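Please read the following note alongside the coordinates.

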Amino acid sequence: ISIIMILLERKRVSVPELAKICEVTPRTIQRDLEAINLAGVPVVSFPGLGGGVGIMENYKLEKRLFSTADVTTLLMGLGSIRSSLTGEEVAGALAKIKGMIPEEHREAIELKAGQITIDTTPWMGGHDYSGAIALVQAAMDERRLLRFAYKDRKQNSSLRTVEPYRLILKTMNWYFEGFCLTRQDFHIFKLSRMADIAMLDERYEARAFFPQQSIQPAFDDRNDVVSATLRVREAALDPLTDLFGPDC
């Protein structure tokens, strides 16, 4: 699979170069190329200066490696994040995957992918965090520091300078995790509590970062939980049910 992906990206590669990339002998590469051919992916040789091996031009790889369900899942996944992450990379990936679909299957696959829509943009009147998300993304890509005013859950305000490492969408809230130079530790920040966000010219060297699979431990308040019975207006039932479920 690695060889196939390299040939798709590079179009034409010499056997010695493939051997160096894959850290095997040229003889092993030749055996692998034969196996790829036997699997139905047509590998062709180009003789002469600048020659090498490549996949036959205009060959539709997805007919062999990607099922309808595979391509549908990829389209649904990319479509779900496009509502929040509007960069050219997402749009470009969507276009490439759609280009992999054989013409005779395109309508059926796009119809299937459109049966599930995940849209994280707010309803009218809700706050749009796409600008803050794009700024955090840019800072991560360029390894540049972020500075912002932050208000924690206890309404304490502070000015933070942070190395950003990852964005997190949990339920309907956006967070980002980074190393806070102000506190000299990793912290998770909620975008809705950030104000006056600025990307600094100063860059940072990436440090060892071990992201948690879930951000729940950072917000574990079970020791402070008490039982309560609330009387609420009927108009408030719908948003409360959305937050806590019908059983509460």
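1. In the hairpin of E5 and E6, which has four residues between the strands, Gln 184 takes a positive phi near 55°. Strands here are DSSP runs of at least two residues (E), and helices are runs of at least four (H or I), numbered from the N terminus. The model is predicted, with local features needing pLDDT of at least 70 and side-chain atom pairs pLDDT 80 or more, while totals for chains, interfaces and linings use all residues. Residues are numbered from 1 along each chain as its sequence is written, and side-chain values use heavy atoms, leaving out hydrogens and water.

2. Strand E5 (residues 173–180) pairs with strand E6 (residues 185–190) in the antiparallel sense over six bridges, where pairing requires that DSSP finds at least two bridges. Phe 179 has Phe 186 in E6 as its bridge partner.

3. Ring pairs join Phe 179 and Phe 186 with Tyr 165, Tyr 204 and Phe 209 in a cluster; rings of Phe, Tyr and Trp (its six-membered ring) pair if their centres lie within 6.5 Å, and planes under 30 degrees apart count as stacked, over 60 as edge-to-face and the rest as tilted. Arg 207 lies over the face of Phe 179, at 3.7 Å from the ring centre, the criterion being CZ of Arg, or NZ of Lys, within 6 Å of the ring centre and within 35 degrees of the ring normal.

4. The structure holds ten aromatic pairs. One of them is the edge-to-face pair of Phe 148 and Phe 176, at 5.9 Å centre to centre with 75° between the planes. Because Phe 148 lies in strand E3 (residues 144–151) and Phe 176 in strand E5, the pair ties together parts that are 28 residues apart in sequence.
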